[in-house]
Each structure stands twice: as structure tokens, then as C-alpha cells.
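Trainee: I would like to learn how to read contacts between parts of a protein model. Please take me through one.

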Amino acid sequence: MKILIVEDEVELLDSMASYLKNEDFICEKATSFFDAEDKIVSFKYDIIILDITLPDGSGIDLLKLVKEQNSKTGVLIVSAKNSLDDKLKGLDLGADDYITKPFHLAELNSRVNSLIRRRNFDGDEFIEFNEIRVDPSSKEVTVHGKPIELTKKEYNLLLYFITNKNKVLTKESIAEHLWGDDIEMADSYDFIYTHMGNLRKKINKLGGNNYLQTMYGLGYKFTDTLK
Amino acid sequence: MKLIERTSRTYLWLSIVIFLISAGMLIFVLTIVMNNRLDEQLRYSKDVIAKRIKYDYPLTLFDEPKELNEAEQFKFPNDTIIYKDTLILRNIEGEGINEFEKYRQLTAYETLHNNRYKIVARNSLVRNQDFIWVIVVSSFIIIILLLIGLWILNTQISKKLWHPFYTNLNRLKNFSVQDQEPIKLEKSNIEEFKELNESIRNLTQKLQSDFSNLKEFSENASHEMQTPLAIMQSKIELLLQSDNINKEQSEQLQSIYQAGKRLSKLNKTLLLLAKVENQQFSTKEEVSFKELIEKQLENYEDFILNKNISVSKELSDHIISTNIILVDTLVSNLLSNAIKHNINNGTISITFSKNQLIFSNTGEQLRGDPENLFNRFKKQSTRKDSLGLGLAIIKQICDVNQWQLQYSCEDKLHTLSVSFTSTTTNQND
């Protein structure tokens, strides 16, 4: 997978690239409109992460250019402006998703993965992690080939963990992923714990391993490598 | 009082005063002129009488001639003429009534044929007085007619003259700083109105540009703030991935991370408040409150179950044309408020009808003044996750929609109700 990240804040760009690089992604960076334009015209990317506000031009114009070049490229818009106008305009012009700053890197990764799944229907449809297998189109999960019943929240939680495997996920990032960023209730962290307990039990019951690790009350990690 | 009424009234009073003064002057001047004329006639009559006596012509006399007494003989020198107004009892013919009538009288002493004569001639003043009254009354009528005519003319002309003024006033009333277009004013040939229009145009243009600058500023400020926050957040998240952090470091990182999150949430919420305040959510569509409420209930399901709250709802299918983002925020805030301040095993009841949306929930007694409830950063709890902006947002959303928000508390049951009916009645407020 080839990804182009267009973002004028170098620090943020580096963070995004280094988080995504650990996956199976090749990340290229562009810090200006000019730079990005050059890259979009010269190379082919599967996904472009696009900041709307660039110092020397608008990301909207780049979006138009991408769609002219190769309509198969998935575009994820990143903007600090949580204004609906921008959002609608972006989606109208063919952007696939929209994320507002500040965002969790895990959330960005999850969005990129979901975008890839939607783009490549012909490719591998399943998301697999050892004995766990998720079918995103039917939202079915199997452990050792046996299906398990998950609630909507548990399913979203599992998918979020698998797409961000081997990464520490903060409670805040999980809460926002499950309930949206309007939520401002401390209780939500307890629910994550409950949902996770249930998820673990259901997987264990069918002979699955426990991959969930707690990180000092800070967050959780879904991994098969032991500490 | 309207300007036209004010000026008309002034005109009226001034006309009355001027009329009274001029009527007095008219009576005075006319009396003098008429008396002079009468006196001339009387002098002429006296001369005729004197001549007739001189040449022994026969005389027609009204009174019998009398001998002059001693005193009268020598009291006045020769050729003395005295004028005076006198009242004389007169018998009005056919009616048998005696009535006093005003006369102008001339008394002259003359020596004719070596005899001393006193000649008295008089003429009635009644006709003269009638004449003066006719003149006064007719001038009064003329002035009244003139005033009426002027008043009609004035109102008609002013209606036409003030028309652009009132049209522009209305347009000004409907003016909103959010309008993209500059205000359109009706042209007028009147210098004052032209100047007024010019000033209004400048003022509104300034307002519009200031407003858009402010909007741009708050958007830019938020942008500028979100970016460093995003960097902070992402760097901490990356740092957390490294394997060699100990427990203490991780706790400190967590504090920084949470503070950053709070800051960014605060920034987002304040921006939302500013946007609602500036009425930047003006697009309207048909919104089903029922659907939104059900959706939010599902989203908050975990929180409701956690406190074992029982929810009862009575939702009408009624559809309201308004901004969906605002209503979604409103419902979400109302519901989260009802859950947050609820007690374990409490209740929430949600009622939505054509006119009202009511959220009531059980909860602890309110400490502090309910008046301050909707103010920003007023919070009951000392909880860290509460920004104290939820109710301020609810209030602001109701305000821009001209809905009425009311809070009441009875027997530990807190009720927030939003009335939609005020949309029509409160529009002039």
C-alpha cells in the first residue's frame, strides 16, 4: 500500500508517518501544495491523507487533481476546521472520509484501514489475527472457524484493536472511537473495561488466546508478543 | 409621536396665535378707518345744516330745537367739534321693543346770524360693526380652510417624502451582519436622507466586514490551536508505543495527555458556542426529533445501564424544520445532562410533542442559584470531565431558534423543557 500524507506541520506529519509506517504501508510525505501536486502527478497512490489548509493552496484543489488523475485513489481529508461546509464540500468532491484535528493516531490508522477495505473489494476481504478472523462486510467474527456473537460495541472494539495491533491504545482514543468525540463522561472508561472483559471471555470460550494487555491504567494493547 | 404630528401641532398653535393677533389688529384698524370716514360724513352733514341755517333753508330735524342754556352758550368757544360714541334708546319698528343702539355723534357749536347754535349730528354704528364682524368671520373661515388644506397636503407630501425613510428603516430592521450582500437602500432626492443612507451603508459595511473578520479570526485561532494540540497528542501517543517506559513515567504522560485532551475539548466547545451564537448554522431541513432522540439513547445506552436508570419516553412523530446539527447537539447535551446528574436507579422521562421537548430526571438537590444554571463555566460537580458548558450550549441553541428554555425542580425531579411555540410569539422581542 502506498500512502501520501500531505500536511504542512512537519511534526504532525512525522508522527502520522511513523505510526502508519509500522503497518504494511509505504508512506511518502509532502509539506506543501506545490510538493504534493508534484507527487500526485508523478506517482500513483492507494491512499492520500490530505490537509485542507496548506500555506500555498487549498487541499480542495488537490482533491480535484487527485480525482482527475486516478479516481481509484482513496482520499482522507484532515482538517482543523470542524466546519460542515468544508466537510460537505470535500465529500461532494469525492473525498472518502473526513477527520478533524486533533485526532488519535490509532483512529487515523483505523480510518485508513477501513478506507482500504472499502476500496479493494477484489482483494483480501478478511481481517485476520492468528485464530481470530473478522469479515467486515457481514460483520461476522470467527475464532478457530467457529462464529461468536458480539454486540455492536464489542465488534467495533475488536476491529479497532486488530487494526491497531501491537500498539498502545489510550482509553480516550477507545472511548472516542466507540461513542464519538462528544462524549464527556468519565464513566466511559469503566465501560471499556466491561466490554473488554466480555470480549475476552467470548474469545476464550472458543479456545482463543488472551491478547489484551493493560498498560498501567493508561490504555490497552492487543498483541501476541509477550512483554 | 411622529415627526409629522409634532410639526403639524406646532403649525396649528402658531396659526391660532397669529390669527388671534391679526384678528385683533384687523378690528382695531378697521374701526379707526371706519370712524374716520363716519366723522367726515358727520362733518359734511354739520356743514350742510350750518349752511341751511345761514341761508334760512328749511331743515328736517329729528329732535325739536331747544334754546341753549347759559352754560352751554359760553362753555365752548366757536367752531368747537366734539366726536363721541353714544348709546341711544331706539324703538325698533313693528316689534315695540326699545333697544340701545350705538351711534357716532358729532356736536358742534357755531355762531350764525349772531346766534349761537349747537348742532348735533349722529349716524348709526351698527352697520359698521356688522361689516367688521363679517370681515373677521370670513377671514377666520379662510384661515381654517387654509389650515385644513395645508394639513392634507402635508400628510400626503410627507407620506411620499418619508416613504424611502420607512422602507429603509424596515430593511435595516431585517438586516443581519451575516448577510453576504451589502444592504440595499431606497434612493431619495432629499439631502438629509441621502446622507443618512450613506452613513447606514458605511456602518453596515463596516459591521459586515468586522463580523467576517471576527469569524475568520475565531476559525483561524481554533485552527492554530488545534494543530499544536494535535502535535502534542500524536507525540505522546507515539511515545507510549516505546517499550521502555516505567509506571511513573507512564502516569505522568497520562496526565499531560489528559490535560491536552481537556484543552482541545474546551477549544472545540467554545468554538461551537461561538458558531451557534453567530448563527452560522442557518441551513434548515426537516428534522425528526424522534429519530434523533432514539439514536442518542442508543449511543448513551452504556451510561444509562451503568446507573440502572429507567427511561420512559413519549415521542411524537412531529417534524420540525430546523438545523439538524444544532438539534442533534441539543438532544445529546440534554440527555448527557440528564444522565450525568442522575442518581443510581433513577429515572429519565423524555416527552416530545408538537410544542414541547421535555427532559426530566431524578437527581440530587440543586446547590446554588438556578438563575446561574445556564451561565458558562458554572458547574455543580467538581468532576474533571465536566466543562460546565453543556447547559450554556443548550441555552444558546434555544436562543438562536427562539425557543424557550425553562428549568424547574420539584421533589428532586429536575425538568428542562424547551417550548417551540414561542417561535411566533416572541419574534418581536
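Mentor: Chain A is divided into domain 1 (2-119) and domain 2 (127-222), with bounds from an automatic or database domain assignment. This is a predicted model, in which local features need pLDDT of at least 70, side-chain atom pairs count only at pLDDT 80 or more, and totals for chains, interfaces and linings use all residues. Residues are numbered from 1 along each chain as its sequence is written, chains are lettered from A and ligands numbered from 1 in the order in which they are written, and side-chain values use heavy atoms, with hydrogens and water left out.

Trainee: How far apart do the C-alpha centres of domain 1 and domain 2 of chain A lie?

Mentor: Those centres are 27 Å apart. For contact, the rule is heavy atoms within 4.5 Å. Here domain 1 of chain A contributes 10 residues and domain 2 of chain A contributes 13 residues.

Trainee: What area is buried between domain 1 and domain 2 of chain A?

Mentor: Buried area is the accessible area (1.4 Å probe) that two parts lose on being put together, summed over both. Between these domains of chain A that area is about 960 Å², and carbon and sulfur atoms give 47% of it. On the domain 1 side, Tyr19(A), His104(A) and Arg117(A) lose the most area to domain 2, together 48% of what that side buries.

Trainee: How many salt bridges does the rule find between domain 1 and domain 2 of chain A?

Mentor: A salt bridge needs a side-chain nitrogen of Lys or Arg within 4 Å of a carboxyl oxygen of Asp or Glu. Across this interface of chain A, between domain 1 and domain 2, the rule finds 0 salt bridges.

Trainee: What is the case between chain B and chain A?

Mentor: There the rule finds 4 salt bridges. One of the salt bridges joins Lys153(A) and Asp302(B), whose closest N and O atoms are 3.7 Å apart.

Trainee: How many residues does each chain bring to the contact of chain B and chain A?

Mentor: Chain B brings 42 residues and chain A brings 44 residues. The area buried between chain B and chain A is about 4000 Å², with 56% given by carbon and sulfur atoms.

Trainee: By class, what residues make up the side of chain B that touches chain A?

Mentor: Ala, Val, Leu, Ile, Met, Phe, Trp, Tyr, Cys and Pro count as nonpolar, Asp, Glu, Lys and Arg as charged, and the others, Gly among them, as polar. The side of chain B that touches chain A has 12 nonpolar, 16 polar and 14 charged residues.
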